Structure formats: C-alpha cells, structure tokens
Amino acid sequence: MVGEPVRVLLVEDNDDHAELIIRQLADHRVANQLVRLADGQEALDYLHRRGKYADPASSPRPHVILLDLRLPRVDGLEVLRILKESEDLRMIPIVILTTSESERDVTHAYINHVNSYVVKPVDFQKFRALMDDLGFYWMSWNMVQKDHP
Amino acid sequence: MKLMAWRSRRLERIRGFFSPPVFSDDTKGRRAKLLSYILNVHIIVALGFSLLYPLQARENWPFAVVALATCVSVLVLRVLLHRGQVTLPAFLFLCFLALTLPLTAFFLSRTSSMNTLTAFQSVIIVMAGLLLGGRGAFGFAVFNLFANGMLLYAEVQGFYNPSDTPPDSGSSLVVQAVTFTTIAVMLAVANRSIRESFAQAGNELEKHRKTQDELGQATSTLRAVLDTLPDAIFRISESGEIQDYIPAKGFTPLVPPEEFLGKPLGEVLPPDVTRAVLRAIRLALKNKRTETFEYQLAREENPGYFEARVVPMDRSTVMAIVRDVSGRAQTDADREAMLKVLARRSAYLRIASEVAKSYSSILDPDALMEQAVNLIQKGYGLYYVGLFLVDEKKQRAVLKAGSGEAGKSMLAEGHTLRLDEPSMVAWCIENGRARVAQQAQLDEVRHINPHLPLTRSEAALPLISRGQVIGALTVQDTDENAFTEEDIIALQTMSDQLVIALENARLFESALNELSERQRAEHELQQERDFAVQVMSALGQGVIVTDENGNFEYVNPAYESMTGYTAAQLIGKNPAELAHPDDRHLVVAAREHRREGRMTSYEVRLLRANGDVVHVLVTGTPRYRDAEIAGSIAVVTDLTEQKLNQQEREALIEELEAKNAELERFTYTVSHDLKSPLITIRGFLGYLEQDVFSRNTDRLEDDMKRISGAVDKMQRLLDDLLELSRIGRLMNPPEEIEFKTIVRDALSLVEGRLAARRVRVEVGGALPKVSVDRARMTEVMQNLLDNAAKFMGDQPDPRVEIGALETNDGCRFFVRDNGMGIERQYHERVFGLFNKLDPRTEGTGVGLALVRRIIEVHGGRIWLESEGAGKGTTFWFTLPRGKGKV
C-alpha cells in the first residue's frame, strides 16, 4: 500500500465539490498526487498531452480518473467515450463521480466501458464514507497499472 | 218519233220502188239495174219536159201530153220490172222509143232533121244492145231503118216535109244502114265478150263459194262437235296470257270470258292453280307433247275439280283443254246426296273452324270453355251445351261452362255431378265413351235436370286428354232422335279439339304464371341489385369487381373519385395498370393469391389520373360463379388520410418524445444542478461542524463563504427555473410594437454592463413592427446583449450589431458580436438548460434556454452562427410578422 504514490486525475467543474473531494482524499491520505481539471476539454487536452499539457512531465498519466458527468464544453460521458476509444488511455480506470442518478447516464457510462459509477451522496457522513471506501479501494486495494514505459 | 218513223218508212218504200230489183241471174240483174237507171232518167226527163213545154209556149201542150204519157208508161214499165220482168219492159220501152221518134218527127215535123233522129235512133240501138242483147240491137236497127225508109217514102210522096231535107236522102239511108249495122255488130260482140267474162267470173265465184261453203260446213261441224264436248278450250301464250276461249256446255268459267280474255292467268286464277298451269305450259312447250294435270277451284257453291290438257300449238302458244270433272261418274241423285252431306259437313267445318279459331285465339281456359259451349250450341242449333271437368279428387264432374240462361244459373249454383251417381255425364266419364240418348226420358242413367225441362235427346261426349278423361261435353236438344251418328262424330272431333285447346290454354296459363313469377323474382333480384348498387354507390370505400381475366368489371363511385378515372375508363382495364410501377408486383401477387381462393389484404400505391400518388389498402376476396373462381371483389380503402394522420401522429410522437427528452433533461439537469449546491452545503457544513468541534478555525470563513455561495446559487437556480416554467404559462397578451422600442428597453436594462465593458451597440435602421409579448421579448434581447457582452473575451473593440432581414416567412432578426465566438460543436448545446461553456462565467446557464423558449412560444426559432473561436457570434431568430402565435 505504501510506496509508490497513486496519481489521481479529478475532472470536476464545481469548485466546492472539488474541494470537498480533495479534502476527503487528503484526510485519508489516499491520493498522494492529485490533479484537478475543471472541464472536459481540458481533461482531454491533459490526457492527450495537447496544448499547455504537451510536456509529458507536466502531465503524468493518472492511475485513476474521477470524472464528473456534467462538464462545460465537453460533457463527461463524451470524455469517457473518447478515452475508452483511445488505445493509449483506455486502460486507465475511470470512475464516474456525479450527482446524476439518471438511468440513462448510468447505462451510457457502462456502454462506454466505465470502470465504476458512483453517485455523490448529499449527506456529508455518507459522502465521507464513500470517499473513504473509494480512496481505499481504488488507491489501496485496487492494483493499478504501474507507470507506463 | 212515231211520225219520223213513219216518214222514214215511207221514204224507204219510195227508194225501194226506184231502186233496181235484185236477181240471182247476173245478166238479168245487170240489165235490170241498167233498165232501172234508164227508166228513172226518163221519168225525170219526161216529167221535166211535161212541165217545161207549157211554160215555154202554150201551143206546145201536145209535147207536154206526150212527155206525161211517156212518164206514166215508164212508171208502168217499172212496175213490170219489179214484178221480175226485165226483157218485156225493156222491149216495150225500146219499142215505145223507136215508135215515138219517127211518129213525133212525122206528125210534129219538129225534129225533122234526119241527123237528130239518127242520133236518137243510135242511142236506142245501143240501149237495145245493152238491155236485150245483140239480137235486140239488130232488131231495133232493122226497125229503125224501116221507120226511116217509111219516112223517106212519105217525104217522097209529099206527106212529110222536113225543114232540113238532106240533099241526098237515099245515100243517107245507106249510111244509116251501115252505121246501125256496125253499132249492132259491135254491141253484139261487146255483149258476148262481157257475157263470157261474166260467165268466167261467175265460175270462179262459184268455185270460191263452194270452198267457202265447204269450210263453213266444216267449221259448223267442228263447232257442233266442240259444243257437244264438255271441254272448254283456251289458247294461252307461253307467258300465261289467255288469248282465246271456246266455251263448253259443261264448263262455267270463274268469270265471264270478256273478263279474262287477253289477260294473264294470274289475274283470274288463284296463285297455286296459276303456278300449275304455267308449269304445264312450260313442260308442254319444252317436250312438245300434251301435259295433263288436275286442279281444284273453290267456287261459291262447291269446290270444282278440273282436268286440264295442255297441248303445244306453236313455239309459244298452247291450247288448254279444260274439263270440269267435279261431277264425273255421279248420278244426279248421288250428287245431290253428296251435296247435302257436303253442305252439312261444311256446316260442321264452319262451326269447327269457328270453334277452332276461338280455341286458338282464346288462351284463358274459362273464357275458352264458355265460348266453346256457346259456339257449339248456336252452330248446331242445340237446346243446351254444357262442359264438365273432373275435379282433382276425381269424385265429381264440375260444370265449367254452360250455354244460355240455364248454363248461367247452373254455373252460379256451382252445379256438379257425382261420378258415383248415375248421370249421362258420369257414365261417359267413367266409360270414356260417348253416350247418346235419342229419347232422353227413356235413358236409364240420365240425370234429370230441372233447369233443362225441354230436353228430349241428349248426348254426353268424353273429353280425353292423353288417355285420361278430364271431363265431358253434354249436348241436348228439344227433338227426339236429334243426333245422327255423323253429328256425334263431328261433336266428338270438336270435343277432342277442345281438349287440345284447353290443354294449350292451361299450359299458357301456367306459363303465364311462371312468367309472372319469374318477373317477380327478377324484379326482386333487380331491387336487391339496385339496393346493392345503392349501397356500393354510397360507400365511402372503393369497391371493385374484376372478371375472370382480372380486369375491372365494376367500380363504385368512391373508387372513381379515389382514382380520378371514370368507371367507363376503368372497365376492362387491369387494376395493375393503376398501381405505382414499383407496386405492380403486389397487385399481381394478390391476384394470384385470390385465384388460389385466398383472401388478400395489402397496401399499395395507386397513381391517380392527375399523377398523384394515393395510398390504399386493398382487401379482396375471390369471386365465385358456379363454384368456380371468376375474378374477385375487393374493398379499397383510401389510406391518404390515415397516412397523413399517421405522419401527424408520428410528428406528434416525435415532438412528444422531444418534449419528454427535454423534460427528462430538465428534471435531470434540475436534480443534478440543484443537488450540487446541496452537496456543497452539506459537505462544508460537515467540515464546519468538525472544525468547530476541533476548534480549528482556519477554514471556517472560507467554508462559510462556500456554503453561502451555494445557497445563493441555489436561490438563483430556483428563480431561473421558476422563470423558465412560467414561460408559456404566464404570457402577456401580444401587442403590436416597433421592434426598435424593444431594443431600446433592453439596452436600458443592460446599459451598465455594456458600459463597463465598453461595448458599442449599433442598431440597424429598418426594424419592423412585431406582434409580441413586449416584456418577454425585452428579456430575450436583454439576455442576448448580456451574453454578447459576457463573451467578448479580450476583444479590444467590442461591438454588438442589431438588425433585421425581411424574408418569406417573416422577419429574421440578428444580434451579432465580435467576441470570442463559439465552436461548431457547441452551437446547439449553448441553448441547453444549465449548460455553460465556461464554468467560471457567472450565471446559471439558464439564459439561452430561456431565450429559446420565449422565441418558440412566439412561433419563431433561434439559432447561432459562428466561424469559431475568436470570430464572433451571430444569434438569429425569426418572429412572425403581424400576429404571432402567443
């Protein structure tokens, strides 16, 4: 568990939510390294190392992506689809972390090979517990692919 | 009249007196004629002189006396002539003349000239020659010479002294002698030659007369023979013209000879006889031998039978010898008897023909029977005639017709006779034979009928049809022994005829009934058909009937209007011809199916007469005729409306789905976007609690801010949602307003923000009038201007342009900025609820959703054009001119 830091990419447009998630993960000292991006387009640019993320040093590959669905410019589901179609990126586990409980969103997410779909609980304790579990599972229990060559 | 007749009779007699008598002896007749003329001349001359002399001079009276005496004596001679004497009066007359001349000369010395005397004497000699022959002439020549010699002597003696004494009287006498002798000789010669030629002519004449007599005799003999022959003889030309006719005692032509002579046969004889005669003529002329044939002519008293022999005479004429053979080899008595029988027979025939005529003309059985009994009763002069028919149970004979009053009353009573009770009719029906009672009251089976008290003899005759006795005819008379065997036979014959006629009438009646039944059935069928046609005409659906070849046999009006063709254009055509070329196989396949006895139902496109396509549903069943499939019957439903409905429904469904999707998106968005602040609030509240508990105050203020921000956001979201939901429900009534006014209102609302960002706004000159909800439309412009200002990016010279274009479907307005622009993929997303392209920009993301909603509620639409990032953005929207759909 302890050893190599786990890199997490958080794509979340809501600053407050991002803060909450980051605090939770920090509280549980799960994410050693976390990058937060505010919209879908930016996330794609980061992962495809385009634009300002062109330097691989500034855009290390995350071990897991936490992806919100409603994102400005490029929607979360669209980001998911593009990533899962990419030869290079599709092995990165993607966890949808959203407020939407819509059946349609769930279905579409799985159709696009999402690795996990999690709904943000409104209740703070539950939110905490979820982030605990999520952190532990993805960043401790779950074997992540080691750094790419 | 009487007077004239008398006068003419008298004239006739006088003329007869002065005309010469006729003698069989030619010479005598001729002489008599001559004498008659001479005497007549003398009478006239003498009479003239006897009147003239006294007028000339009174002293001439002796001449007048002599003339008168001459006249009288000549009249006497005429009488003699008429008595048959010729020679005597001629002689006396000549003597008288011969004596008168010399005596007159002597005594009166007037005609003393010897020359005058000689001239007169010469005339006398000529007349004597003519009247008495040569010897007479000689005699009178001698006598004249003698008289002249006497005169000469008297002159010589001086008794006679003529005034012109010739110088030499002696030589004069010799000259006279020679002259007279020559005249006499010549006369004698002439007379003889005349007599000889007369004799010769007489001989010739005699010969002729003899031949004529012989011919006459032959003719009269022939006539006599012909007259005694019973044959009439006709000379007929090849063409059939009757040229000559010799009557015969035993032959009476149809019309008098003057009516047929010179006329063609056809005008005289009936056509069949004419044909027979012409045929015989042709054969006779062709074969040059006698043709014999017999023929019959209907004459008034009785039919005549004739035998004709046609004998060819020359190339184009025949002689027809016709003999009436009607009465051949029959004695008068036989003939008379035969005639009687014939008369009776003809009477029967007449009645029978009358009955038969009525039989054939009357087809109502009751009328026929009534007519029959009355005809027979009248025709035979009977007392009563009745007709019975056996009833269906064969128990009774029912009176069907009866003559006279008795018949009427019996019919009224419904007179019947039981077959098992004795009566003549019952007996006759039971036995199938006629029964005759010559003395009715003595007959043992006879039923005495109170209606017929005068019956003395009676006969019942069976009516037999195909071996079955169907009834009987009863005939009754007031005399005993009224019915001879012949009468019974005749009546039976008539009964048989009656049966046939009855059968015919019954057959006709039943045929008539059947006919009317059939007509009724036909009428019903017709009505049914009319009903069916009416129903089919009234049907809104098309009905088509095809024949065994699959061609139209019937189409109803609905089908006509469905296809735009008239029935007349369609009948005989194949339905496939009407189908859309791509669908023809459907029609053909369906027809095959129906031929196999299956029902079919298929949709097909038809091409209307005007080329339009019409969708129809064809439901067809095979049509059976005598258990054979012969075409089909199909109902054709126009699906155009259904299709339209379907399209409309589909459009509605689509719209509904769109709405649903929108609603879903809305609820999703709402739930998501409303949840987000809640999560924020709860989350940071949790941290607040935790921090407060652990007295860590570093983050307190920040967290509090976050919470209050989330609450604000939530407040805004809820306000916007409320606003959005109001659109369409809470609208102000549309008003006609200058679009410029709306722009001005909106500009005043966003003035501050525009000024803060130094945005320059240009408003196009010609802005039309619109009919809109003023407040909402101001909201639209406010949002669009706000938006433009918000996304100006780093544009150093921010500008917004507002204008309008007139188009076909209304006004097209635009709001154009030169700001950051929008990438193509976001052109539609920007109008979505809570969609924000830049999360850091202010606003809830409701603005453009709200704008779209307002425009749509006004019946317009909105879209945007942008070349991409940094190229500026143009929002377009339409609004209907005049009144909008509000």
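**Exercise 1. A charged pair across the chains**

Find the salt-bridge partner of B:Arg682 in chain A, and give the distance.

*Solution.* Start with the rule: a salt bridge is a side-chain nitrogen of Lys or Arg within 4 Å of a carboxyl oxygen of Asp or Glu. B:Arg682 pairs with A:Asp123, and their closest N and O atoms are 3.1 Å apart. Next, widen the view. The rule finds 5 salt bridges across the interface of chain A and chain B. Over all chains, the whole structure has 38.

A note on the model: it is predicted, so local features need pLDDT of at least 70 and side-chain atom pairs count only at pLDDT 80 or more, while totals for chains, interfaces and linings use all residues. Residues are numbered from 1 along each chain as its sequence is written, chains are lettered from A in the order in which they are written, and side-chain values use heavy atoms, without hydrogens and water.

**Exercise 2. A charged pair within chain A**

Locate the two residues of the salt bridge between A:Asp68 and A:Lys120.

*Solution.* The N to O distance is 3.9 Å. A:Asp68 sits in the loop between strand S3 (64–67) and H3 of chain A. A:Lys120 sits in the loop between strand S5 (116–119) and helix H5 (124–141) of chain A. The pair links distant parts of the chain, 52 residues apart. Helices (H or I, at least four residues) and strands (E, at least two) are DSSP runs, numbered from the N terminus.

**Exercise 3. The interface**

State how many residues of chain A and chain B are in contact, and how much area is buried.

*Solution.* Count contacts, meaning heavy atoms within 4.5 Å. 35 residues of chain A touch 31 residues of chain B. Then take the buried area, the accessible area (1.4 Å probe) that two parts lose on being put together, summed over both. The two chains bury about 2700 Å², 49% of it on carbon and sulfur atoms. In chain A, A:Arg23, A:Arg70 and A:Val122 lose the most area to chain B, together 29% of what that side buries.
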